[in-house]
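Please look over the sequence and the structure before reading on.

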Amino acid sequence: MHCSSPKMVCETKIVADEHDAIPGSKKESMMWSPAALNPAEAKEVRRDAVFIREFERADQEEVRRIFYEGIMERIPNTAFRGLRQQPNAQFLYALLTVMCFYVTKSVTLTCCAPLLLVGARYYYSRKVIHSYLDCALHTDMADIEAYYMKPTGSCFWVAVLDGRVVGIVAAQGREDDNTVELRRMSVDSRYRGKGIAKALGRRVLEFAVRNNYAAVVLGTTAVKLAAHKLYESLGFRRTGRSEDYRLPGMSRSPLERLFFQIRYSRYRLQLREE
C-alpha cells in the first residue's frame, strides 16, 4: 500500500447544507473579496456562538474523530449513491447480470446478481476508504502541528461550539503556483446546518487574502450535491473532473477497479490577477 505525500493529496471532505451565495463577491466570475456577514447570518452566529480559532495540541483527539467519522460516511455514499455518477459501471453491471442469466438460465440467480454486485461495491468501498484513512491518520493528521501550524503559509483551524470542537479545516500553501489549498474540512454530523462549514471556508479565504495568495484551490470526491453547492456559494468554480480518481492507499487490483470508482472534482477561486 502506498501513501502519497500530504502535499500531493487534494482530498477534501466538506459537509454543508447552506446554498446561499457569499455576500460582497465582486462578480459572478472567478474573483472574491472578503465580506461581512449579512444580518440574518450575523443573528445565526450570535445565537449559535460558533467560534473559529487556530488548532491547539489539546484538540488532536477531537479533530481526528471528526475527520474519521466524516470520511467513514463516504463508504455508503460511494458504494450506493456514487453508482449514479458512474454510467460505465452501471452498463458493466447490467451486462454481467445478463451474462449470469445466459450462463445459468436461472431467474433466481439472475435476480440475486445485482445484490451481489452492490454488495461487492460496498466491500471494496469500505476497503479502499479504510486504506485512505490509514494513510491520512499516519501522515498529516498524525501531526497537525508539524504539517500545518509550523510551515509558513499553512494553518489549521477548529470550529468551537459550547466548548466542543465541532468542525475542522486546513490551509496548505503552495509556493510553486502561489496558491493555497483548502483541505480536511469536515463538520460533526450533530452540528450541521448551522453555517459552520461556510464559516470555516471563509476563514481559509481570509487567510489566503492576508497572505497574498493568488488563488485558493481544492479537490474533492464528495458525492453529495450540497458539498459542491457550498464551494460555489463561496465563489469557487470547477476547473476539472476525473471519473476514475485514484485515492491514496488504493492497490488498483482488477477487482478493486471493477467495484470501486470515484469522481474527483477540482475547484479554484481566483483572488487576484497574477
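## Overall make-up

Of the contacts in the protein with a separation of 6 or more, 74% are between residues 24 or more positions apart; a contact means heavy atoms within 4.5 Å. The model is predicted, with local features needing pLDDT of at least 70, side-chain atom pairs counting only at pLDDT 80 or more, and totals for chains, interfaces and linings using all residues. Residues are numbered from 1 along each chain as its sequence is written, and side-chain values use heavy atoms, with hydrogens and water left out.

The protein has nine helices and seven strands. Of its 274 residues, 50% count as buried, where buried is under 20% relative accessible area, exposed is over 50%, and partly exposed is in between (1.4 Å probe, protein chains only). The protein exposes about 13,500 Å², and carbon and sulfur atoms supply 56% of that area. Accessible areas come from the Shrake-Rupley method with a 1.4 Å probe, and for residues only the protein chains shown count as cover.

Strand S2 spans residues 155–161, and seven of its seven residues are buried. Cys155, Trp157, Ala159 and Leu161 point one way from S2, while Phe156, Val158 and Val160 point the other way.

Strands count as paired if DSSP finds at least two bridges between them. S2 pairs with strand S1 (residues 50–54) in the antiparallel sense over five bridges, and Val50 stands opposite Leu161. S2 also runs antiparallel to strand S3 (residues 164–174), joined by seven bridges; here Trp157 stands opposite Val169. S2 and S3 form a hairpin with two residues between them, and Asp162 in the turn has a positive phi of about 55°.

## A nonpolar patch

Phe91 lies in helix H4, residues 87–104. Phe91 counts as exposed because its relative accessibility is 61%. Together with Leu92, Leu95, Leu96 and Met99, Phe91 makes a nonpolar surface patch of about 440 Å². Patch residues have over 30% relative accessible area and no salt bridge, with nonpolar side chains (Val, Leu, Ile, Met, Phe, Trp, Tyr) joined within 5 Å and like charges within 9 Å. A salt bridge is a side-chain nitrogen of Lys or Arg within 4 Å of a carboxyl oxygen of Asp or Glu.

## Cysteines

A disulfide is a pair of cysteine sulfur atoms within 2.5 Å, and by this rule the count is zero. For Cys100, the nearest cysteine sulfur is that of Cys112, 8.6 Å away. For Cys111, the nearest is also that of Cys112, at 6.9 Å. Cys111 counts as exposed because its relative accessibility is 53%.

How values were computed. Helices (H or I, at least four residues) and strands (E, at least two) are DSSP runs, numbered from the N terminus.
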